[in-house]
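The sequence and the structure are shown below.

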Amino acid sequence: MTHLDWLKTQKEWNSGDAPAIAQLDLLYPPFRIAVVQLVKICASRGWPFRVFETFRSAQRQRYVNGQGHSQMAVTGPHNFGLACDIVALVNGKWTWDAKAGPWASLGAAGEELGLVWGGRWKRPYDPAHFQCIAVDQKLYRRIREGKYY
């Protein structure tokens, strides 16, 4: 069974526009290992970060896009367990503020683990975002067909 086939059996697959899901077990297993390592690096260096969102249902993806927080209207790497967002704790509040927290250090640590970091992107600049692969439309088609995993 592919990871995508397994994801489709999980209740989160049809979770609508419910709040963000941060369950690491919904991530593609090799990616999950790297994210766990990144979280451990953050803790060991005293960086105030935590995983905020891993998997997104198609409905939540549309909601997040409608809020202006994603350029992907229907599907994106979160929908397949291939991405996560990590937020910083600043003045007692969790934030995506690119000016707060050691984002460049976090990004460098993620890249050392082989992750694609959204902080390298110009549009959208997304320092909280990590994914396990660079994604284009051809790859999305392969993922939907179950051929990536």
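This is a predicted model: local features need pLDDT of at least 70, side-chain atom pairs count only at pLDDT 80 or more; totals for chains, interfaces and linings use all residues.

The side chain of Ser-57 reaches the backbone nitrogen of Arg-60 at a distance of 3.1 Å.

**Ser-57**

- Ser-57 is found in the loop between S1 and helix H3, the latter spanning residues 58-66.
- Ser-57 has a relative accessible area of 1%; because buried means under 20%, Ser-57 counts as buried.
- Apart from neighbours within four places in sequence, the residues in contact with Ser-57 are Glu-12, Trp-13, Ser-15, Gly-16 and Asn-79.

**Gln-131**

- Strand S5, which covers residues 129-131, contains Gln-131.
- The relative accessibility of Gln-131 is 4%, so this residue counts as buried.
- A polar atom of the Gln-131 side chain lies 2.7 Å from the backbone oxygen of Ile-133.
- When residues up to four places away in sequence are not counted, Gln-131 touches Phe-31, Pro-77, Leu-82, Ala-83, Leu-115, Val-116 and Trp-121.

**Aromatic rings**

- A pair of aromatic rings is described by the distance of the centres and the angle of the planes.
- The count of aromatic pairs, for ring centres within 6.5 Å, comes to two.
- One of these is formed by Phe-49 and Trp-103, with 5.0 Å centre to centre and 65° between the planes. The pair is edge-to-face, because the angle between the planes is over 60 degrees.
- This pair links distant parts of the chain, with Phe-49 in strand S1 (residues 49-53) and Trp-103 in helix H4 (residues 103-112), 54 residues apart.
- Both Phe-49 and Trp-103 are buried.
- At 4.7 Å from the ring centre, Arg-50 lies over the face of Trp-94.

**Backbone at Asn-91**

- Most residues other than glycine have a negative phi.
- Asn-91, although not a glycine, has a positive phi of about 50°.
- The loop between strand S2 (83-90) and strand S3 (93-95) holds Asn-91.
- Is Asn-91 buried or exposed? Its relative accessibility is 79%, so Asn-91 counts as exposed.

Note on methods: Residues are numbered from 1 along each chain as its sequence is written. Side-chain values use heavy atoms; hydrogens and water are left out. Helices (H or I, at least four residues) and strands (E, at least two) are DSSP runs, numbered from the N terminus. Buried means under 20% relative accessible area, exposed over 50%, partly exposed in between (1.4 Å probe, protein chains only). A polar contact is a pair of N or O atoms within 3.5 Å; within protein, one must be able to donate a hydrogen and the other to accept it, and residues adjacent in sequence count only if both atoms are side-chain atoms. Contact means heavy atoms within 4.5 Å. Rings of Phe, Tyr and Trp (its six-membered ring) pair if their centres lie within 6.5 Å; planes under 30 degrees apart count as stacked, over 60 as edge-to-face and the rest as tilted. A charge sits over a ring if NZ of Lys or CZ of Arg is within 6 Å of the ring centre and within 35 degrees of the ring normal.
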